[in-house]
Amino acid sequence: SVLETADRQLELGKEKDPGEAKAFNHFRKIAVLCNDASERNGDFEGDPLDAALLKYFRDNDKDDYNSLRELKKINEDPFDSESMYMGSVHRDDKGCYIAVKGASSVILKMCSHFIEGENIKESGPEFMEHWTQIDRKLSSDGLKVIGFAFREEEASKADELGEEEEFLGNMTFVGIAGFIDPVREDIKGSIEKCQHAGIKVVMVTGDHPETARNIARQVNILKDEDDRVIHGRDLDKETDITGAAVFARVDPSQKLDIITRFQDNGEIAGMTGDGVNDSPALKKADIGIAMGKRGTQTAHEVSDMVLQDDAFTSIIKAMEEGRIIFENIKKFIIYQLSYHLAEIIIIAGISFSLFHLPLLPLQLLFINLLSDVFPALALGIGKGSSNIMDRSPKDPDEPIITKRNWMIISVYGVVISIFVIASYIISLKVIGLSPEICNNIAFFSLAFGQLLHVFNMREADEPVFKNQVTRNKYIWMALPFCAAMLLAAYFIPVISNALSFERLESSVWLIIAVTAILPLLSNQLIKKIWKL
């Protein structure tokens with residue numbers, strides 16, 4: 001971090017002995033006194049900027065730091081994102097010390113004097129222009145710029161200052177500090193992941209526009225030199241925010257307005273926030289996301305999601321997991337509806353054409369007991385497609401099962417039923433097998449065909465042999481288990497008799513194997529041609 005005073009520049013954190021410069025001494029005093037961070041077990045909690053200031057001065061001069069922390073605070077004007085400053089009044093051995101820090105543009109307007117060397121001088125237009133340029137330069141370098149000022153009063157004014165609401169004014173400007181708030185290494189990748197997924201990331205901040213612009217370019221929110229940064233003072237009902245990606249010097253009421261206008265444009269808006277003032281916008285957003293560590297209790301209560309680690313990447317992981325869960329639910333439903341449709345077609349087709357019952361009630365219950373539970377549940381806990389974040393967001397008005405999904409269900413069900421019905425008719429009419437054997441052929445063909453049908457649940461753009469289904473270890477646990485249950489039911493006399501199983505020749509098992517595999521191959525071919 002960098003500290004700019006009227007007569008010198010210090011690189012904080014590297015210069016351990018900045019000397020006894022008057023401006024620096026006041027900077028240290030303001031930074032420690034006008035501070036909401038707290039110390040616990042050697043660590044600091046609270047706003048990261050406040051915590052950084054306390055840590056620096058504690059490490060620089062612990063005795064002086066401890067003596068400043070012990071000074072009595074008699075009044076306070078807490079930080080507010082609308083005012084963009086915080087102030088406090090303290091009693092010291094000389095009298096009353098009034099400290100303020102905040103956005104440098106706001107602090108400069110409070111000041112009638114400034115420190116230069118060991119002297120205090122009156123400010124003027126040149127003073128304002130000089131420091132405004134420094135503020136702009138540091139901000140354009142990506143620093144978060146904070147101004148510091150003070151005023152000293154006699155001890156006799158302590159009672160008056162302790163009761164005043166407006167105690168900031170006629171201040172003496174000390175300087176400005178530019179804080180490096182480095183972007184996390186994984187942020188850029190996460191934002192790019194959002195952009196590939198059709199999710200627009202918008203930066204809404206109270207920071208200086210140049211600071212916002214610099215950071216936005218680092219993380220690829222802004223990519224072109226001409227991309228706009230909308231200043232809060234320019235944001236009104238007539239401002240066109242279409243395409244805007246960065247809003248700077250924004251207050252909480254404007255955040256609410258931004259959310260409302262995005263929603264009015266048909267967007268699904270999610271917002272992150274941590275303060276009490278963010279609560280209306282968090283509640284208004286379609287998805288309010290509060291910070292778990294820095295967020296207030298009010299922000300937590302009105303939000304839909306609370307980030308325990310305050311990390312943007314956690315939002316991306318949550319969105320990805322949400323997409324995976326939704327797709328798994330859809331696959332679960334398509335899988336079950338398609339083979340249940342096949343069962344209906346098989347029973348209806350054979351019953352009304354040959355007047356035979358191809359599947360007995362107990363047999364049907366046994367098939368569904370296996371297929372409805374194990375392979376279906378395995379689909380429901382899959383890890384999803386590797387390219388799931390490269391797809392466009394789902395329309396919120398779109399049903400879980402779309403018209404296209406119903407077509408897929410129908411195709412799968414019809415294909416399975418065609419082969420099972422064909423094997424039943426050929427076995428009965430051509431080969432001349434008994435109705436009881438044909439019943440067993442229909443049962444085992446359908447049962448094994450339903451188990452293999454789970455491999456049709458891959459996405460059309462995924463490879464046949466390497467996809468989310470074949471990578472799902474639970475599928476490979478469920479299929480052998482269900483196959484073993486089917487064979488156990490065949491070989492265990494009590495169950496076999498209950499399910500009306502007959503002793504089947506090897507040629508019959510060959511028919512069953514072909515009938516179970518052909519629907520899978522046919523559906524895979526259809527999926528490849530029609531991209532189902």
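This report walks through a predicted model of a protein, from its confidence scores to its sheet, cores and a few individual residues.

## How confident is the model?

Let's start with the scores. The protein averages a pLDDT of 91, and 97% of the residues score at least 70. Confidence is highest in helix 15 (residues 435–452), at a mean of 97, and lowest in strand 2 (residues 9–11), at 69.

## A parallel sheet and its helix

Three strands form an open sheet in the order 12-14-13, with parallel pairing. Strand 12 (203–204) and strand 13 (229–231) are the edge strands, each pairing on one side only. Between strand 13 and strand 14 (residues 246–248) there are 3 bridges, in the parallel sense, and Val 229 stands opposite Val 246 of strand 14. Helix 8 (residues 209–218) packs on this sheet and touches strand 12, strand 13 and strand 14. The direction of helix 8 makes about 155 degrees with that of strand 14.

Two loop residues are worth a look here. Thr 205 sits in the loop between strand 12 and helix 8, and it is buried, with a relative accessible area of 13%. Beyond residues up to four places away in sequence, Thr 205 touches Ala 212, Phe 247, Ala 248, Arg 249 and Val 250. One of these partners, Arg 249, lies in the loop between strand 14 and helix 9 (252–264). Arg 249 has a phi near 50 degrees, a positive value in a residue other than glycine. Because buried means under 20% relative accessible area, Arg 249 counts as buried at 12%.

## A hairpin with a positive phi

Strand 5 (residues 72–80) and strand 6 (residues 85–92) run antiparallel and are joined by 6 bridges. Glu 76 has Ser 88, in strand 6, as its bridge partner. The hairpin has 4 residues between the strands.

Which residue in this hairpin takes a positive phi? It is Met 84, with a value near 65 degrees. Most residues other than glycine have a negative phi, and Met 84 is not a glycine. Met 84 lies in the loop between the two strands, and at 18% relative accessibility it counts as buried.

## The nonpolar cores

The largest nonpolar core has 55 residues. Phe 443, Phe 444, Ile 475 and Leu 486 have the most contacts inside it. Helix 12 (312–354), helix 13 (361–380), helix 14 (403–430), helix 15, helix 16 (473–491) and helix 18 (506–530) each give two or more residues to this core. Leaving aside neighbours within four places in sequence, Leu 486 is in contact with Phe 366, Leu 370, Phe 443, Phe 444, Ala 447, Phe 448 and Leu 451.

Another core lies apart from this one and has 30 residues, among them Phe 24, Leu 53, Val 174 and Phe 179.

## Helix 1, mostly enclosed

Why can helix 1 be called largely enclosed by the rest of the structure? The reason is that 10 of its 12 residues are buried. The buried residues of helix 1 include Phe 24, Phe 27, Ile 30 and Leu 33, and also His 26, Arg 28 and Lys 29.

The length of helix 1 (residues 22–33) can be checked too: at 1.5 Å a residue, its 12 residues should span 16 Å. The end C-alpha atoms are 17 Å apart, which agrees.

Technical notes
Residues are numbered from 1 along each chain as its sequence is written. This is a predicted model: local features need pLDDT of at least 70, side-chain atom pairs count only at pLDDT 80 or more; totals for chains, interfaces and linings use all residues. Side-chain values use heavy atoms; hydrogens and water are left out. pLDDT is the predictor's confidence in each residue, from 0 to 100. Two strands pair if DSSP finds at least two bridges between them. Contact means heavy atoms within 4.5 Å. Axes are lines fitted to C-alpha atoms, for helices over the stretch in contact, and angles run from 0 to 180 degrees between N-to-C directions. A nonpolar core is a set of buried Ala, Val, Leu, Ile, Met, Phe, Trp, Tyr and Cys residues joined through side-chain atoms within 4.5 Å. Buried means under 20% relative accessible area, exposed over 50%, partly exposed in between (1.4 Å probe, protein chains only). The expected span of a helix is 1.5 Å times one less than its number of residues.
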